[in-house]
Amino acid sequence: MPRSVRRLLKTTLALALIGLAQWSAFAAHAETARPSLLLAVHPYLPREELLSRFTPLADWLAESVGQPVSVRIGSSYDDHMHHVRFDKVDIAFLGPALYVGLGEQRYEKPPLAQLEIHGKPYFQGVIATQRNSNIHNLEDLKGRLMAFGDPKSTMSHLLPRLMMRHAGVTQERLAGHAFLGSHVNVALAVLAGDFDAGAMKEGVFDRFRGRGLREVARTERTPEHLFVARAGLPEALIEKLRTSFFALSESERGRAILNNLKKGATALRPVTAQQYDHLAEQMAELAAAGIP
């Protein structure tokens with residue numbers, strides 16, 4: 001065999017061996033590398049604040065399951081729900097009204113964990129008035145000015161509105177009403193005397209009670225916010241995520257992550273879709289009445 005041919009064969013063999021080694025390294029990396037999971041959050045606070053609150057949780061989950069976890073903040077509530085509904089994200093944080101808004105789809109998305117605040121996995125809304133007001137029950141709201149927060153808010157509009165409706169206080173029987181955008185705005189407007197009464201979550205009522213608010217009525221207990229997984233996420237990964245969520249309350253670092261998520265958060269606990277069935281019935285009643 002001519003020397004030039006032998007040299008060419010050696011060069012070809014060497015290149016083939018190098019290529020094989022590179023491919024083996026790539027294949028080994030591809031086999032061990034895990035895709036990043038997306039943790040989606042609805043934009044109930046400014047984007048940077050939400051990233052600050054949820055990134056430590058994402059890091060905790062990533063360490064526990066052995067996969068990167070990235071935080072996605074929805075550009076709007078509708079954008080967030082679109083990504084959850086069509087399984088474009090792996091983990092989603094949802095308020096109770098958003099969760100039941102998924103309809104039958106919520107049974108397809110495995111619940112992971114439910115937020116617990118000061119030891120309670122539920123929260124309530126309060127209709128409040130000024131301390132010296134002559135409003136003492138829901139019926140007394142007839143002919144009065146009523147303040148609500150956001151039209152889609154569970155506790156500053158929807159459930160208080162349903163409670164009023166059951167007491168015969170429909171929109172037509174009010175002197176008027178307005179949406180002020182937030183629970184705090186409602187409390188301040190009632191204290192200022194701009195409205196006779198207003199609806200807010202119990203945490204805001206407790207914050208302003210000492211400044212002159214008085215409770216008129218309180219909603220039923222409603223299950224707290226929760227985390228869900230997308231449909232089709234592997235069961236082994238779901239169990240790892242649940243274990244990681246539940247372990248947060250067992251260490252100093254985990255408790256700091258919880259409190260960073262929401263002040264007063266004490267744990268993330270087991271949850272089922274059925275816990276939200278009654279709320280779904282309430283939301284359906286409101287929808288049938290054209291509210292919101």
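Predicted model: local features only at pLDDT ≥ 70, side-chain atom pairs only at ≥ 80, totals over all residues.

What covers the buried residues of helix α3 includes the strands β1 (37–41), β2 (69–73) and β3 (91–94), together with α4 (96–100). The helix itself runs over residues 77–85, and the residues buried there are Asp79, His80, Met81, His83 and Val84. After α3 comes aspartate 87, which has a positive phi, near 55°.

Please be careful with residues 23–32, where pLDDT stays under 50 and where the model has zero contacts beyond four places in sequence.

Let me turn to the salt bridges, of which the structure holds 13. In one of them, arginine 269 pairs with glutamate 116, and their closest N and O atoms are 3.3 Å apart. Because arginine 269 belongs to strand β13 and glutamate 116 to strand β4, this pair ties together parts that lie 153 residues apart in sequence. Glutamate 116 is buried, at a relative accessible area of 13%, whereas arginine 269 is partly exposed, at 31%.

Which side chain does arginine 242 meet in a salt bridge? The partner is glutamate 239, at 2.7 Å from N to O, and since the two are three residues apart in helix α8, about one helical turn separates them. Arginine 242 is buried, with 18% relative accessible area, while glutamate 239 counts as partly exposed at 36%.

How values were computed:
Residues numbered from 1 in each chain as written. Heavy atoms only, no water. Buried < 20%, exposed > 50% of the residue type's maximum accessible area, 1.4 Å probe, protein only. Helix = DSSP H or I, 4+ residues; strand = E, 2+ residues; numbered from the N terminus. Contact = heavy atoms within 4.5 Å. pLDDT = per-residue confidence, 0-100. Salt bridge = Lys/Arg side-chain N within 4 Å of Asp/Glu carboxyl O.
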